[in-house]
Amino acid sequence: MLFRSAAADYVVCNSKEIEDYYYEREMISIPLGIDSDLFKPIDTKRDKIALQLQMDLPIYSYKTIGIFVGSFTEIKGWSTMKSIIDRRKDIFWILVTKHDYEDFHSLNCRVYKKIDQELLTKLLNCSDFFIIPSPSESQCLAAIEANLCNIPVLMRNTGYFTSLNDKDLRNVGLITETFSDEDINTIINNKDFIIMGLLDVIL
């Protein structure tokens, strides 16, 4: 559509980042919609523990659960993600992918493939933080879905998140280029994220 738009009144993309990338064209950014009735937080810590047990997650062996949603490719920063899983064996990792690019196994992770959104919502709500080390995103729907479940995100400033101001970015999680152990510890230990107050911003 970007290259056959001579007869169109508008060219539409799904994020400000894409709109800025094609700066020579007249474009309008309209983010893809997310079902906020489905992607929402569970009520209490007790409910979260009950859901984790229902999903048979090893919460008595690991204090922290992280979740990655994306393909096992460099488009999503997979080599960085594998390195993090290998060095942070104190964290149990939920890996969600739609593809079969690679069979990945590690004692401290579980892979879910081609799941529906109802199961994804449960897995997000079982997690303590969301991580996506991709170098660039058009919108990063999974990170927004995590935020709607009141889960902080660890990611680069990309996709929809480039439209947020500095204060809002600090509240939704941690924006980084390094994905260091210090970054991971910060997002685990910081209890000051105000994600739910940003629903009007995210939506």
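A residue counts as partly exposed when its relative accessible area falls between the buried limit, under 20%, and the exposed limit, over 50%. Val12 has a relative accessibility of 39%, so it belongs to the partly exposed group. This residue of the predicted model sits in strand E1, which covers residues 11–13.

Let's look at confidence next. The average pLDDT of the chain is 87, and 89% of the residues score at least 70. Residues 197–203 are a stretch to handle with care: their pLDDT is below 50, and the model gives this stretch 13 contacts beyond near neighbours in sequence. Where pLDDT is low, the predicted coordinates should not be read in detail.

## Gln139 and helix H5

Pro31 turns up again among the contacts of Gln139. Gln139 is in the loop that runs between strand E6 (129–132) and H5. With a relative accessible area of 1%, Gln139 is buried, because the cut-off is under 20%. Leaving aside residues up to four places away in sequence, Gln139 touches Asn14, Ser15, Pro31, Leu32, Ile144, Gly159 and Tyr160.

After H5 comes Asn150, with a positive phi near 65°.

## Aromatic pairs

What does a search of the whole structure find in the way of aromatic pairs? It finds seven. In one of them, Tyr62 and Phe92 are 5.4 Å apart, centre to centre, with 55° between the planes, a tilted arrangement. Tyr62 lies in the loop between helix H2 (45–54) and strand E3 (64–69), while Phe92 lies in strand E4 (residues 91–97), so this pair ties together parts 30 residues apart in sequence. Both Tyr62 and Phe92 are buried.

Trp93 and Phe129 form an edge-to-face pair, with 5.6 Å between the centres and 85° between the planes. Here strand E4, holding Trp93, is linked to strand E6, holding Phe129, and the two residues are 36 apart in the chain. Trp93 and Phe129 are both buried. Elsewhere, Phe68, Phe72, Trp78 and Phe104 make up one aromatic cluster.

Methods: Residues numbered from 1 in each chain as written. Predicted model: local features only at pLDDT ≥ 70, side-chain atom pairs only at ≥ 80, totals over all residues. Heavy atoms only, no water. Helix = DSSP H or I, 4+ residues; strand = E, 2+ residues; numbered from the N terminus. pLDDT = per-residue confidence, 0-100. Contact = heavy atoms within 4.5 Å. Buried < 20%, exposed > 50% of the residue type's maximum accessible area, 1.4 Å probe, protein only. Phe/Tyr/Trp six-rings, centres within 6.5 Å; stacked < 30°, edge-to-face > 60°.
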